[in-house]
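Subject: Structure for your files

Hello,

Here is the structure I said I would pass on. My notes on it follow below.

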Amino acid sequence: MDYFTLFGLAFSYSIDLEQLTYRYQELQRQYHPDRFANQPESDKLGALQQAATINAAYQALKHPLKRAEYMLTLYDIDINNEQYTMHDTAFLMEQLALREELACIETSEQAEEALALFSSGLAKTIKSYLQEMEKQLNEEQWVKAADTVRKLRFLDKLQQQVEQLEERLFNRF
């Protein structure tokens, strides 16, 4: 059973996050291991496995990038597989330049302002790629969507680096 079916959701990138959370809580209550404390060992194990599946499904579906990756796996596209590597050299060069820019921001005298500007630009870029990915998934353009997901992974890591730098700058004062 796929994760969408498990939560009673239509197979679509766009999902109702409130409904997802509601169904998650409902399923967690239903399969919580404590409810099976007095049951045979096989029932306990089954409930534990089901609870683990529910948790994994929830984590996969609630995060936009993980949801897209999961959808792609249902169409036999594993973006972690080496045969699906990034071939867009212009994008990769842009990523190197952005990382260099971020490194320079940390030592800048106007670090907070520069970081805010950098972060704003990055957020716009991520939003644009997310919209492109959603369109590709909705149109069942799996290979193109996989490429966009790979790009979003790079951008997500960059976003994490921005957040770490924000934290370091905040703790500096």
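Thr 5 is partly exposed, with a relative accessible area of 46%. Keep in mind that this and everything else below comes from a predicted model. Thr 5 belongs to helix 1, which covers residues 3–6. Between Thr 5 and Asn 171 there are 45 Å in space, C-alpha to C-alpha, and the two are 166 residues apart in sequence.

The annotated domain

UniProt, in an unreviewed entry, puts the feature "domain: J" at residues 2–74. In the model that span is 70% helix and 0% strand, and its end C-alpha atoms lie 8 Å apart.

Within helix 2 (residues 17–31) sits Gln 28. Is Gln 28 buried or exposed? Its relative accessibility is 18%, so Gln 28 counts as buried, the cut-off being under 20%. Apart from neighbours within four places in sequence, Gln 28 is in contact with Ala 51, Ile 54 and Asn 55.

The loop between helix 4 and helix 5

Helix 4 runs over 64–73 and helix 5 over 89–107, and Tyr 75 is placed in the loop between them. Tyr 75 has 36% relative accessibility and therefore counts as partly exposed. Together with Phe 11 and Leu 74, Tyr 75 makes a nonpolar surface patch of about 250 Å².

Asp 76 is in the loop between helix 4 and helix 5 as well. Asp 76 is not a glycine, yet its phi is positive, about 60°. Most residues other than glycine have a negative phi. Asp 76 counts as exposed because its relative accessibility is 67%.

Salt bridges

Side chains of opposite charge can pair when their charged atoms come close. How many salt bridges does the count come to? The count is eight. Here are some of them.

Lys 44 pairs with Glu 41, and the closest N and O atoms are 3.7 Å apart. Both residues lie in helix 3 (residues 41–62), at a separation of three residues, about one turn of the helix. Lys 44 counts as partly exposed at 28% relative accessibility, whereas Glu 41 is exposed, with a relative accessible area of 58%.

Arg 153 and Glu 69 form a salt bridge through their side chains, at 2.9 Å from N to O. This pair links distant parts of the chain, since Arg 153 is in helix 7 (residues 142–172) and Glu 69 is in helix 4, 84 residues apart. The relative accessible area of Arg 153 is 25%, so Arg 153 is partly exposed.

Arg 168 forms a salt bridge with Glu 106, and here the closest N and O atoms are 2.9 Å apart. Why does this pair tie together parts that are 62 residues apart in sequence? Because Arg 168 lies in helix 7 and Glu 106 in helix 5. Arg 168 is partly exposed at a relative accessible area of 41%, and Glu 106 also counts as partly exposed, at 30% relative accessibility.

There is also a network of salt bridges, which links Asp 88, Asp 147, Arg 150 and Lys 151.

Helix 6 and what follows

Helix 6 covers residues 111–138, 28 residues in number. From its first C-alpha to its last, helix 6 reaches 40 Å, close to the 40 Å expected at 1.5 Å a residue. Which residues of helix 6 are buried? They are Ala 111, Leu 115, Phe 118, Ser 119, Leu 122, Ile 126, Tyr 129, Met 133, Gln 136 and Leu 137.

After helix 6 comes Glu 140, with a positive phi near 55°. Glu 140 is not a glycine, and its place is in the loop between helix 6 and helix 7. With a relative accessible area of 51%, Glu 140 is exposed, because the cut-off for exposed is over 50%.

Regards

How values were computed: Residues numbered from 1 in each chain as written. Predicted model: local features only at pLDDT ≥ 70, side-chain atom pairs only at ≥ 80, totals over all residues. Heavy atoms only, no water. UniProt positions renumbered as here; feature names shortened; annotations may be inferred. Helix = DSSP H or I, 4+ residues; strand = E, 2+ residues; numbered from the N terminus. Patch = residues over 30% accessible without salt bridge, like charges linked within 9 Å, V, L, I, M, F, W, Y side chains within 5 Å. Areas by Shrake-Rupley, 256 points an atom, 1.4 Å probe, with all protein chains shown as cover. Salt bridge = Lys/Arg side-chain N within 4 Å of Asp/Glu carboxyl O. Buried < 20%, exposed > 50% of the residue type's maximum accessible area, 1.4 Å probe, protein only. Expected span 1.5 Å × (residues − 1). Contact = heavy atoms within 4.5 Å.
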